[in-house]
Amino acid sequence: MKIPPRFIGVVIAAIGGIFSSTLMTFIGVAINYGFHPGFLAIWAKAALIGYLVGVPILMVIVPHVQRFVIRHAR
């Protein structure tokens, strides 16, 4: 599957948001709440909120980071 160059930042933000929101919220909820009944529901809610907040932020930040890295990699 080919991704058009103009959507690379969006795809990276979406995929990065999935991994970062699920992993960080899982660890945070597990540490702060523990594996009590209702853990899955609380974690799913936290992961969804993290994704909805994180992806737009990543969509703004990722293109700038990409340009910075590419500019300094040459």
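At 46% relative accessibility, I70 is classed as partly exposed, because this value falls between the limits of 20% for buried and 50% for exposed residues. In the predicted model examined here, I70 belongs to helix 2. The separation of I70 from L23 amounts to 47 residues in sequence, and their C-alpha atoms are 28 Å apart in space.

The overall architecture of the protein chain consists of 2 helices and 0 strands. The chain is more spread out than a compact globule, because its radius of gyration is 16 Å, well over the 11 Å that the globule rule gives for 74 residues. The C-alpha trace spans about 50 × 25 × 20 Å along its principal axes. Of the 74 residues in the chain, 16% are buried. Where contacts join residues at least 6 apart in sequence, 57% of them link residues at least 24 apart.

The packing of the two helices was examined next. Helix 1 comprises residues 8–32 and helix 2 comprises residues 39–73; their axes lie 6 Å apart and form an angle of about 145°. The crossing of the pair is right-handed. In the contact of helix 1 with helix 2, 19 residues are nonpolar and 8 are polar, while no charged residues take part.

A polar atom of the S21 side chain is found 3.5 Å from the backbone oxygen of I18. When residues up to four places away in sequence are not counted, S21 touches A47, G50 and Y51.

T25 is likewise a residue of helix 1. With a relative accessibility of 15%, T25 also counts as buried, because this value is under the 20% cut-off. The side chain of T25 has a polar atom 3.3 Å from the backbone oxygen of T22. Apart from neighbours within four places in sequence, T25 is in contact with S20, W43, A46 and A47.

Methods. Residues are numbered from 1 along each chain as its sequence is written. This is a predicted model: local features need pLDDT of at least 70, side-chain atom pairs count only at pLDDT 80 or more; totals for chains, interfaces and linings use all residues. Side-chain values use heavy atoms; hydrogens and water are left out. Axes are lines fitted to C-alpha atoms, for helices over the stretch in contact, and angles run from 0 to 180 degrees between N-to-C directions. Helices (H or I, at least four residues) and strands (E, at least two) are DSSP runs, numbered from the N terminus. A crossing is left-handed if the near helix is turned anticlockwise from the far one by less than a right angle, and right-handed if clockwise. Ala, Val, Leu, Ile, Met, Phe, Trp, Tyr, Cys and Pro count as nonpolar, Asp, Glu, Lys and Arg as charged, and the others, Gly among them, as polar. Buried means under 20% relative accessible area, exposed over 50%, partly exposed in between (1.4 Å probe, protein chains only). A polar contact is a pair of N or O atoms within 3.5 Å; within protein, one must be able to donate a hydrogen and the other to accept it, and residues adjacent in sequence count only if both atoms are side-chain atoms. Contact means heavy atoms within 4.5 Å. The radius of gyration is taken over C-alpha atoms; the globule rule is 2.2 Å times the number of residues to the power 0.38.
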